[in-house]
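Morning, everyone. Please bring the model up on your screens.

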Amino acid sequence: MGAEDARGALIVAGVPMGNPGDATARLVSALGDADVIAAEDTRRARSLAASLDVEPRGRILSFYDHNEAGRIPQLLASLDAGETVLLITDAGMPSVSDPGYRLVAAVVEAGHRVTCLPGPSAVTTALALSGLPVERFLFDGFAPRKSGARRSWLTELATERRAAVFFESPHRLAETLADAAEVLGTERRAAVCRELTKTYEEVRRGTLGELAAWAADGVRGEITVVVEGAAAVSANPEDHVAAVLRRVEAGERLKDACAAVATETGASKRELYEAALAAR
């Protein structure tokens with residue numbers, strides 16, 4: 001889409017995650033031609049433009065979580081005046097765990113055109129590098145910060161057949177992987193992708209048990225995690241009584257053991273409890 005085609009339109013653009021060489025020719029053109037550049041960090045926007053030898057002719061405005069609501073009316077006014085607004089974040093695609101979707105919704109509601117310049121995304125990059133079956137996947141943003149919420153979230157993934165991809169802080173990665181190994185099982189495969197497209201890019205692949213042990217020493221950088229989907233399991237309670245009894249022998253209460261195995265397998269908790277009682 002050329003500059004004249006973009007009059008009065010919002011352009012949502014993916015920007016490099018770390019390597020300026022990933023910028024598309026269309027992004028370079030848009031950075032130079034847009035009347036307004038709404039950027040998560042104005043300094044990073046100017047640095048990106050400089051690295052691409054672009055001199056923006058438009059205004060560069062901050063647009064981040066805490067000023068998003070107040071900035072939207074101003075950007076709508078620019079669109080009403082026929083100006084082109086380019087929306088970018090610090091890295092990757094706007095709206096994907098970054099500011100953007102509220103502006104897009106407001107622009108659509110106001111009747112203006114929205115278009116997108118495809119570009120880098122940590123989600124799809126991590127999926128491609130994971131070495132796991134990812135034909136079907138779900139993206140869950142950032143993992144919950146607190147252990148209780150995180151374990152509840154992981155429990156929901158216990159029987160999820162699709163691969164799961166999420167972001168995590170390097171400071172919480174070890175705790176999250178330890179919880180994942182406990183809730184999902186130490187043998188569930190995963191990949192931890194660190195500093196994607198940057199100088200020190202690293203992808204660690206292995207079981208959750210192996211990755212939890214590796215992360216315990218500390219990890220730096222921006223992190224994206226991919227966890228393989230759950231294997232198909234039988235929901236017949238009789239098939240899982242042995243697993244329940246193993247947990248009971250290890251010290252769990254029967255009720256708790258049944259609840260855990262039911263979550264992992266999709267079997268009926270009540271029927272599993274009755275089957276386990278009969279087998280004892």
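Where does the largest pocket lie? Domain 1 (9-120) and domain 2 (124-227) both give residues to its lining, so the largest pocket lies between them. The domain bounds come from an automatic or database domain assignment.

Some ground rules. This is a predicted model: local features need pLDDT of at least 70, side-chain atom pairs count only at pLDDT 80 or more, and totals for chains, interfaces and linings use all residues. Residues are numbered from 1 along each chain as its sequence is written, and side-chain values use heavy atoms, with hydrogens and water left out.

A pocket, on a 1 Å grid over the protein atoms alone, is an open set of points where a 1.4 Å probe fits, with protein on both sides within 12 Å along at least five of seven lines. Lining residues have an atom within 4 Å of a point.

Back to the largest pocket. It is lined by 25 residues. Nearest its centre lie Ala91, Asp98, Phe142, Phe167 and Glu222.

Now the second largest pocket. Its lining has 19 residues, and Pro16, Gly18, Arg44, Leu48 and Asp90 are the closest to its centre. Helix H2 (residues 42-51) gives the most, with five residues. Helices here are DSSP runs (H or I, at least four residues), numbered from the N terminus.

Last, cysteines. The structure holds zero disulfides (pairs of cysteine sulfur atoms within 2.5 Å).

Notes
Helices (H or I, at least four residues) and strands (E, at least two) are DSSP runs, numbered from the N terminus.
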